Amino acid sequence: MTKFLDEHFLLSTPSARQLFHEYAAPMPILDYHCHLPPELIAKDHRFENLTQIWLYGDHYKWRAMRTNGVDESYCTGAKSDAEKFEKWAETVPYTLRNPLYHWTHLELQRYFNIREVLNPRTAAGIYRECSDLLQTPAFSVRNLLRRMKVALICTTDDPLDSLEYHRQLKEEAFEIPVLPAFRPDRAMNISDPETFRNYLGKLEEVSGMAVNTFDSFLSALKSRHDYFVRNGCRVSDHGLEEMYAEDFTESEIRAIYMKVLRGGKPDLPEGRKFKSAMLLHFAHWDWENGLVQQYHLGALRNNNTRMMRLQGADAGWDSIGDFPQAAGLARFLDRLDRDNRLAKTILYNLNPADNEVMATMAGNFNDGSVAGKVQWGAAWWFLDQKDGMEKQLNTLSNMGLLSRFVGMLTDSRSFLSYPRHEYFRRILCNLFGKEMAAGELPADMELVGGIVKNICYHNANQYFNWDSVDVTL
């Protein structure tokens, strides 16, 4: 009988096993989208215990614990780290068939060489052993990255960010480039006028420019975009419910901006027009500076208003939304393409009903100038699991070119998330391996293995042009 999480985990045929062990596993990791805090990398932080590195900020685990009847005090509350870990260990057996069960035990194996199953009986010993290791130099943040063969990281950063820790890492010549990504969501969110006006005040401070008109606001933001590029940024990112692509005039956008600046609240059509205008400006800047633009579409965020008031955003109160995607996305990409200002673009959807929409939409704007210029990105967030990955890979195969896919990313805040790349690679190799065994693909290991290596590493390296990264301080 196959053992749980042995070397053949998720690999059902000899071809799949050879593809993974000989072609996929040795490849380095390019994490081109994550939410790791660069400050902890710059300071080469050591976590005091397993709870701090594993449970702090992890809304995947919090949601599972809450669903299992665990009180909030053990998730985001004041209980001790040891008590929080005990409640997580009590929850783990109930996560069977949830990706958290696989991820949990892959992380215990790959980082700590622990092959026991986590449950209330084993919890105390695992907590003690892992926490002791985490306090040693070999388990500092930088060494955790080295352990997983991470070759490059792109964090997610607001235009207001000083990028001081990215600059520090560059000055120290840390061998793993840690580059910023331009994430300007707050710079277009006029639906909350008070928060937006507070943001404008901070933008004035960091840019040294007044923002008392829409044109001066754009100039200040553009200066931050240029600043990011000078400090190694090669990627932008946008988290949107849907793609905004309303028709507007420049005079309308200037009037909407002044309305908000003077204390007014925009109506829904005004908000959509303003976001449409801002997205076009951001996309033009990305094209001018050679950035890859990423769009994460479809999350319905902060659904629980009571808990949102208590805890704020990114605490596990988000879900899949059912926003219309196709028409707005087509209009937006077409506007850029008409003006020859469409940068390399990656589209991510959260609603699986949009899989075929995204796969076919990308094909509309691939013009032969660059291989895979417009990409449908990896299965994201709630779809970042075995079934979701297989559906994404199969749909992309049927409606695009899987061989040009730029592969996996972590999209994580945790330094223990890198085994998710292994998880993806095993699933990828199993799909290819099963079809080789069934005679649906040629038994040409060099051909298929080369495609696997490309998806795991080479495609992203070429697409983002990482070899040419030159960070000017």
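Predicted model: local features only at pLDDT ≥ 70, side-chain atom pairs only at ≥ 80, totals over all residues.
Residues are numbered from 1 along each chain as its sequence is written, side-chain values use heavy atoms without hydrogens or water, and local features need pLDDT of at least 70, while side-chain atom pairs count only at pLDDT 80 or more and totals for chains, interfaces and linings use all residues.

The protein chain is divided into domain 1 (46–138) and domain 2 (143–464), with bounds that come from an automatic or database domain assignment. The C-alpha centres of domain 1 and domain 2 lie 29 Å apart, and the contact (heavy atoms within 4.5 Å) takes 22 residues from domain 1 and 26 residues from domain 2. Between them, domain 1 and domain 2 bury about 2300 Å², with 57% of it on carbon and sulfur atoms; buried area here is the accessible area (1.4 Å probe) that two parts lose on being put together, summed over both. One salt bridge is counted between domain 1 and domain 2, where a salt bridge is a side-chain nitrogen of Lys or Arg within 4 Å of a carboxyl oxygen of Asp or Glu. Glutamate 422 and arginine 110 meet through their side chains in a salt bridge, at 2.7 Å from N to O.

Aromatic rings of Phe, Tyr and Trp (its six-membered ring) pair if their centres lie within 6.5 Å, and planes under 30 degrees apart count as stacked, over 60 as edge-to-face and the rest as tilted. By this rule the count comes to 25 aromatic pairs. In one of them, the ring centres of tryptophan 54 and phenylalanine 85 are 6.2 Å apart and the planes stand at 20 degrees, so the pair is stacked. This pair links distant parts of the chain, 31 residues apart, with tryptophan 54 in helix H3 (residues 50–54) and phenylalanine 85 in helix H5 (residues 81–91); helices (H or I, at least four residues) are DSSP runs, numbered from the N terminus. Tryptophan 54 is buried, with a relative accessible area of 1%, and phenylalanine 85 counts as buried at 1% relative accessibility, where buried means under 20% relative accessible area (1.4 Å probe, protein chains only).

Phenylalanine 214 and tyrosine 257 form an edge-to-face pair, 5.8 Å centre to centre with 65 degrees between the planes. Phe214 and Tyr257 also belong to one aromatic cluster with Phe196, Phe217 and Phe274.

Key
Helix = DSSP H or I, 4+ residues; strand = E, 2+ residues; numbered from the N terminus. Buried < 20%, exposed > 50% of the residue type's maximum accessible area, 1.4 Å probe, protein only.
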